[in-house]
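These are my notebook entries on a structure that was new to me. I set down what I looked up, in the order in which I looked.

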Amino acid sequence: MKIICIGRNYPAHAKELNNPVPKEPVVFLKPDTALLPKSMPFFYPSFSKDIHYEAELVVKIDRVGKNISQKFAHKYYSELSVGIDFTARDLQQECKEKGLPWERAKAFDGSAPVGRFIGKDKFQTLSDLNFSLKINGELKQQGNTGNMLFSIDAIIAYVSQFFTLKIGDLIFTGTPEGVGPIAINDSFEAFLEGEKVLDLKIK
Ligand code: MG
């Protein structure tokens, strides 16, 4: 499986990192080794001194597709969760300055913990979904899918032009504002529409 990630999908987050608001989705990939096994803590990697959290709505693909039209994109997923797109901000800054790819900063082992999935049928609409991240009990990020530049279905249509979507692939749909650094011993909790889907310790 692969993990497809969208960057700068919330205008307020693009602004907080001084990035332009994109006209097309910003896309990058993480390999399957980025998926953090369930119940494992996240170990702060030695190659970075500035790992940031980015809480994101995650979509699980459950049907193979290529060149999917936006109108039919909803048929390709039935479950959603919240995940963390861990980012080595120091390495990413270096890559950006040199115009190099971001993989070292974004796609390293364990950089993609994902919570428990919830069937999308439980939600009345997917364009007004709230998700949030608490660290050590304190609310750090609050997102609403209504603020996405590109909706889930628009993302699926866009990325499936380039990559065949396969069963089990995950799409990280971008982070809202409020990203920041993590610290060893932090305790993460992520929520989707008030339901806790992820518990994670930083070691
Ligand atoms: Mg992200």
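I counted two strands as paired if DSSP finds at least two bridges between them. Strands (E, at least two residues) and helices (H or I, at least four) are DSSP runs, numbered from the N terminus. The model is predicted, so I noted that local features need pLDDT of at least 70 and side-chain atom pairs pLDDT 80 or more, while totals for chains, interfaces and linings use all residues. Residues are numbered from 1 along each chain as its sequence is written, and side-chain values use heavy atoms, without hydrogens and water.

I found three strands in the order 6-3-11, with antiparallel pairing. Strand 6 and strand 11 (180-181) are at the edges with a single partner strand each, so one side of each lacks a neighbour in the sheet. Strand 3 (residues 51-53) pairs with strand 6 over two bridges, and I traced His 52 to its bridge partner Thr 87.

I took as donors N, O and S atoms within 2.8 Å of the metal (3.2 Å for Na, K and Ca); water is not among the atoms, so sites may look incomplete. Glu 54 (OE), Glu 56 (OE) and Asp 85 (OD) coordinate the ion at 2.0 to 2.1 Å. Glu 56 lies in strand 4 (residues 55-61) and Asp 85 in the loop between strand 5 (77-84) and strand 6 (87-88), so the pair ties together parts 29 residues apart in sequence. Glu 56 is buried at 1%, and Asp 85 is buried at 0%.

Definitions and conventions. Buried < 20%, exposed > 50% of the residue type's maximum accessible area, 1.4 Å probe, protein only.
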